[in-house]
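Thanks for making the time this morning. I would like to walk through one structure with you, and I will give the cut-offs as the terms come up.

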Amino acid sequence: MLPPPTPHWALLDIDTVGKLLDTFTTLPCPARLTPNSLSRWFDISSSRLTFLLTSHAPSKRPCPRSQPWWSARLSSMRREYHKFARISRLDLSPLNCSNVKSSRRTYFKAIYSAKRGHWSAFLSSATPRSHWTAKRFAFGGPSQRILDLPGASDPAEVAETLLDHFFPSKPPTPPLLRLTGYEDYTPLTSEEISRALSKFSNTSAPGPDHIPYSVWKSLHSIKPSLLPSLLDPLLAHGFHPPSLKKALGIVLDKPGKPSYDSPSSFRVIVLLRTLSKILERVVASRLSAQATICSLIHPLQCGSLPRRSTAEAALILQHNVESFHRLRYKVSTLFLDVKGGFDNEESPALLSHLRIKVVTPYLGQWVGSFLKDHTCRLTFQGSPSLFAPVSVWVPQGSPISPLLFVIYVSALQLEIPRSLIISYVDDFAVTVASHS
């Protein structure tokens, strides 16, 4: 089954959109702020902006025969070839037969040249990260599997089984009953949005909104005040609306499985709304700036933090091992990984940790709002197009999720005599020195 038509963002009339943005303004925030009223305000404002964009982008209708090398010139040559073929079927004169052969030869030579040109252009700009794309072009991709799980008789039951497996039930979090303004809040600036957008790739797959980062970058360059005016009220009141918590779950096979009759034979790639991830990136930047000040993260945590890397972790480990060796100690290192770390991170414990460390209140309130009431729509062959609530505390694929995880596991790095514990997000290296 083909996906529904989506906007062809590469052909967006950005000049017309830029002129319309001069007079486009977000609606004023409601006087009486509640979670429902602020959520309704954001949904209406973002829908107006989305309608402005989609109305000036042509629809891209997917087709199983669509090819990236096809062009309008080939379409014209195909029409000409079929026209001569129809005429020759009615009149078998030598001239008509010659025209058919000539147009057919020209048409198929043009197809051959277009294929070779597209392949050569792709190889000339290929990078080490695109070798899987080259393999798919050369050998074709795997056929889409029709999921058949025990106890599931239709796609809706398959989706429910997969959701129960990937997002098992967790204790409900209390609802947010009221919104509070914070005196220590710093308004969101266009420079923060610019820094957040620079971290995203234009080729990243968008979520349910289908709007790529390239469109947001273009809009922000035309009108830098637009995105801050849309996102600032959310951050100022520590609120993340339910519409930004909708996600697409792309169901993929795990390669090499002997059978695919169990949910554990599949994995899910979660795609969040791009507008949500922009705000999440801003919050991650602000929260990481407080991490050192409030001692949120252990000094030997080297992942998901600015100016820290795996190279730094390796140098720390090498230095400490050599120091132990100079003292005539035997050194052993155990490398381990926290399995299902993000899925089992308890949001009440995380929020309690943020309050104890005296994080800026609006950030703690926003994190609490972000970690609940998520919905997801699984995408597979014949899947239902409905969003279902999922029990997830820290969603994978979010820019802020790794930072929240390293804050959550900071207590695991214990102080043990003649030992060293280095971590990189959910990967730990425990080094112990002794005389034996």
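Predicted model: local features only at pLDDT ≥ 70, side-chain atom pairs only at ≥ 80, totals over all residues.

Residues are numbered from 1 along each chain as its sequence is written, and side-chain values use heavy atoms, with hydrogens and water left out.

The structure holds 10 aromatic pairs, where rings of Phe, Tyr and Trp (its six-membered ring) pair if their centres lie within 6.5 Å, and planes under 30 degrees apart count as stacked, over 60 as edge-to-face and the rest as tilted. One of these pairs is Phe-200 with Tyr-213, which is stacked, at 4.2 Å centre to centre and with 5° between the planes. This pair links distant parts of the chain, since Phe-200 lies in the loop between helix H7 (190-198) and helix H8 (213-222), whereas Tyr-213 is in helix H8, 13 residues apart; helices (H or I, at least four residues) and strands (E, at least two) are DSSP runs, numbered from the N terminus. Both Phe-200 and Tyr-213 are buried, meaning under 20% relative accessible area, with exposed being over 50% and partly exposed in between (1.4 Å probe, protein chains only). The charged end of Arg-281 also sits over the ring of Phe-200, 4.8 Å from its centre, the criterion being that NZ of Lys or CZ of Arg is within 6 Å of the ring centre and within 35 degrees of the ring normal. Elsewhere, Lys-246 lies over the face of Phe-387, at 5.2 Å from the ring centre.

Turning to the cores, a nonpolar core is a set of buried Ala, Val, Leu, Ile, Met, Phe, Trp, Tyr and Cys residues joined through side-chain atoms within 4.5 Å. The largest has 68 residues, and those with the most contacts inside it include Trp-216, Leu-287 and Leu-296. Helix H10 (residues 274-293) gives the largest share of this core, eight residues. Leaving aside its neighbours within four places in sequence, Leu-296 is in contact (heavy atoms within 4.5 Å) with residues including Leu-287, His-353 and Leu-354.

Lastly, the strands, where two of them pair if DSSP finds at least two bridges between them. Strand E3 (residues 246-253) runs parallel to strand E6 (residues 374-379), joined by five bridges, and pairs with strand E4 (residues 266-272) in the antiparallel sense over seven bridges. Within these pairings, Ala-247 has Cys-376 in E6 as its bridge partner, and Ile-250 has Ile-269 in E4. Five of the six residues of strand E8 (residues 419-424) are buried, so E8 is largely enclosed by the rest of the structure.
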